[in-house]
Amino acid sequence: MKIDISCLEQEPLVFDERFTVEPERLDGEVVTAPVAVHLEGEVRADGDAVTVFGRFRAQGKLACSRCLDDVQWTVDEPYSVEYRWPSTQTDDDEIGLEEDDLDVAFLEGNELDLLELAAEQILLALPMRILCNEGCAGLCPTCGANRNRAAACACPPEVDPRWQALADLTGSRSDS
């Protein structure tokens, strides 16, 4: 899904697109199913740059960080991205970045890839830690069962080795 921006000098381009982004384009360990995206916005020429701004809506399924169960996720927020064409380098392949270049994306040619823009916005909007609920018990380290499900795991509780010295002290007192 690309927009031709070669005629952008005359007037801004407006778009309103709906599509899905596959988990392989995103973080495949976190995103478990295709993400439905509604991307609307406007593309404007801004001197030697192109500014894209609008509204970004998405919904999909993410994996819980503790138990790996699916968690429904939605996002609805504005976005603004500045694009520039890379300067032509003649004698060296390395390009030095200035401080202003860190908040800028670079274009190749005269097309703006909306799928790439959506994938970038999804990655920026993903939560740092995804939990199905605050009290999620996670997976059993011994058998791998989901501890949130009743009777899913019959393993004895794991003893933290850092507390073993205290357990040894209480055991020696009962002997004396």
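Predicted model: local features only at pLDDT ≥ 70, side-chain atom pairs only at ≥ 80, totals over all residues.
Local features need pLDDT of at least 70 and side-chain atom pairs count only at pLDDT 80 or more, while totals for chains, interfaces and linings use all residues. Residues are numbered from 1 along each chain as its sequence is written, and side-chain values use heavy atoms, with hydrogens and water left out.

**Exercise 1.** Work out the strand order of the open sheet of five strands, and find its edges.

Solution. 
- Strands here are DSSP runs of E with at least two residues, numbered from the N terminus.
- Two strands pair if DSSP finds at least two bridges between them.
- The order is 2-3-4-5-6, and the pairing is mixed.
- Strand 2 (13-21) and strand 6 each have a single partner strand, so they stand at the edges and one side of each lacks a neighbour in the sheet.
- Direction ignored, neighbouring strands of this sheet are turned by 30° against each other on average; the axes behind this angle are lines fitted to C-alpha atoms, and angles run from 0 to 180 degrees between N-to-C directions.

**Exercise 2.** Locate glutamate 108 and decide whether it is buried or exposed.

Solution. 
- Glutamate 108 lies in the loop between strand 6 (104-106) and strand 7 (111-113).
- Buried means under 20% relative accessible area, exposed over 50%, and partly exposed in between (1.4 Å probe, protein chains only).
- At a relative accessible area of 74%, glutamate 108 is exposed.
- Tyrosine 83 is 25 residues from glutamate 108 in sequence and 9.9 Å from it in space, C-alpha to C-alpha.

**Exercise 3.** Count the disulfides.

Solution. 
- A disulfide is a pair of cysteine sulfur atoms within 2.5 Å.
- The count is zero.
- Cysteine 143 is in no disulfide, and its nearest cysteine sulfur, that of cysteine 153, is 3.7 Å away. Cysteine 143 is partly exposed, at 45% relative accessibility.
- Cysteine 155 is in no disulfide, and the nearest cysteine sulfur, again that of cysteine 153, is 3.7 Å away. Cysteine 155 is partly exposed, at 26%.

Methods:
Helix = DSSP H or I, 4+ residues; strand = E, 2+ residues; numbered from the N terminus.
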